[in-house]
Protein chains: 2
Amino acid sequence: MRLAAFRRTDDPGGTRRVGLVVGDGSGWWLHPFEDGTDLVELLAADPAAREEAADDAARGDGLRPDDVVLLPPVQPVSMRDFLTFEAHVDGMERGHGNPGTPAQWYDAPVFLFMAPHAVTGPYDAVPMPPDTERLDFELEIAAIVCRDVRNVTPEQARGAIGGYCVMNDWSARDVQGKEMSLKLGPSKGKDFATTIGPWVVTADELDGCRDSDGFLDLKMTVKVNDEPVGTDRSGNMGWSFEQLVSHASRASWVKAGEVLASGTCASGSLAESWGRNGKLVPPPLQVGDVVEMTIERLGTIRNVVGPLEESVAAVAPARRRSTVGGRLEASA
Amino acid sequence: MRLAAFRRTDDPGGTRRVGLVVGDGSGWWLHPFEDGTDLVELLAADPAAREEAADDAARGDGLRPDDVVLLPPVQPVSMRDFLTFEAHVDGMERGHGNPGTPAQWYDAPVFLFMAPHAVTGPYDAVPMPPDTERLDFELEIAAIVCRDVRNVTPEQARGAIGGYCVMNDWSARDVQGKEMSLKLGPSKGKDFATTIGPWVVTADELDGCRDSDGFLDLKMTVKVNDEPVGTDRSGNMGWSFEQLVSHASRASWVKAGEVLASGTCASGSLAESWGRNGKLVPPPLQVGDVVEMTIERLGTIRNVVGPLEESVAAVAPARRRSTVGGRLEASA
């Protein structure tokens, strides 16, 4: 089952609604669920109850793509973005002159928390953020958690994953590079936009798309201005989503409405090519470029880079404190 | 005004309520606000309306410390933790054999997003997390945002900060060290607990505590088992909280209910001493240790390190993918 969040085109300040997606490709349309339906609750519902709600919805009138604006299918209560594609890590490291994937990568799946309020809809324009001449995309697959869990095994985690969608983790590489030198990871380099969508495909729909180890194995592709620039398969993740949820839940809450993403797949970003090519080829994204990402069975998100966002001025450099004998002393 | 979140001691599954704190030190008590009162909304309210609500509350019966369990004053919709104390950065860098604060640090305040569901109450026990032999604390001051803002100047940001509290950003240094080698910052090293409290002191109460540049200047201290181990002043931050909100809001939403923290003050963690001393002195926290943090005007949080949390097993190492000619290839 495919579940979308939308507002009606003729209702700009419109209410967030949930709809059942039917049809294929550009031929899709939406059947709204009852007012007040919550997408994450639908994911957590008993499958029979969800089917019944969907049957009810399907009896109503459908809305065509022009009738609706698709919204991010979830307003995440939190987002964790992992680093699970070995070949991406390998490429990025080689780009920095290092010998490839660090041994440490294999031990456990690291992640960072992401800006939960930066999610944008599957066809929204993404304004050019300030301070960057190296805007990039990251092709990822994301899981939507539908139950609160803590200390669950991968087997138990399976029931907490309600569905999956496509994700573009937009990245300002020059901003992020400076920030990461201070060891806390990227901050402004990634907090301006993360696109998720076009809708959530429920986990039960994808049972036939698992490999012999139980990993979801879906083809992922990204185009810029209709030119293919990257492709990989989700089966190349180093850990399954069930393992990611289990790891995240170790002595920590993973909550319903949380989004856990795979991290960038191999060739799923320009930066990896910049590293391999030793120059900015393909070029960084410019205003007007269209980035289109498709994952088999999950659908397509497509976003144009909009004009530079008019932003508040950058803050002043740090106020310096007293230095005593070459070493800073707290003046308490 | 001091605003606390609490449940009644005699109501273990109890409703979250908001109370006005009166009295001092161990002599404090609470006057509950009307049922359904939201702490962040109170922070955002017109001061006169907030005073009126407080006057109404104060007419009711008070609850003594034994009658209540204080909860985290806010369930953050998101948390950003900055790195604003130059002397802390200097100490940590020297501990890693580096020459001190990197030039990059002065340019702009970096931050990381934190686990919003890991917040714990001001007097809660914090279970020992798995996998660590180097549990540490971090003494920080935190601001509570009460209005949604985007692209605001520091001057405009001031009205979006509802109040302040004490924060302990618990850290498993050995776990975090391994994770940070992969450049995304810490993940499991910090997602198990962050203590905030004991209550929120409204920003207007602290107008007299600003230095000539407008920085909040409050004495911060931390004790372990009643022994003082660190002290600093919030006036040693490199940026004011208004600047932090402005920076965070640059081309990004900062939402009501978000928590922005200063990062660790100088001598506000054991790791800084370990770096300076070249050995684990003072020793890492052990089960039974009590960490007490006090910030002038904001109050005291005090937490015992509880027994090791029984956790799910660690996930298996990464599944390795095919390597072609010494370089990994996506098999798409």
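How much area is buried between domain 1 of chain A and domain 2 of chain A? About 1,200 Å² is buried there, with carbon and sulfur atoms giving 68% of that area; buried area is the accessible area (1.4 Å probe) that two parts lose on being put together, summed over both. This is a predicted model, where local features need pLDDT of at least 70 and side-chain atom pairs count only at pLDDT 80 or more, while totals for chains, interfaces and linings use all residues. Residues are numbered from 1 along each chain as its sequence is written, chains are lettered from A and ligands numbered from 1 in the order in which they are written, and side-chain values use heavy atoms, leaving out hydrogens and water.

**Between the two domains of chain A**

- Chain A splits into domain 1 (2-71) and domain 2 (78-306), with bounds that come from an automatic or database domain assignment.
- Their C-alpha centres are 25 Å apart.
- Contact (heavy atoms within 4.5 Å) joins twelve residues of domain 1 of chain A to 18 residues of domain 2 of chain A.
- On the domain 1 side, A:Arg2, A:Leu43 and A:Leu70 lose the most area to domain 2 of chain A, together 43% of what that side buries.
- The rule finds one salt bridge across this interface, a salt bridge being a side-chain nitrogen of Lys or Arg within 4 Å of a carboxyl oxygen of Asp or Glu.
- A:Asp204 and A:Arg50 form a salt bridge, with their closest N and O atoms 2.9 Å apart.

**Between chain B and chain A**

- Chain B and chain A each bring 87 residues to their contact.
- The two chains bury about 7,800 Å² between them, 57% of it on carbon and sulfur atoms.
- In chain B, the residues that lose the most area to chain A are B:Leu184, B:Arg250 and B:Arg319, together 11% of what that side buries.
- Twelve salt bridges are found across the interface of chain B and chain A.
- B:Glu309 and A:Arg150 meet through their side chains in a salt bridge (2.9 Å, N to O).
- By class, the side of chain B that touches chain A has 38 nonpolar, 22 polar and 27 charged residues; Ala, Val, Leu, Ile, Met, Phe, Trp, Tyr, Cys and Pro count as nonpolar, Asp, Glu, Lys and Arg as charged, and the others, Gly among them, as polar.
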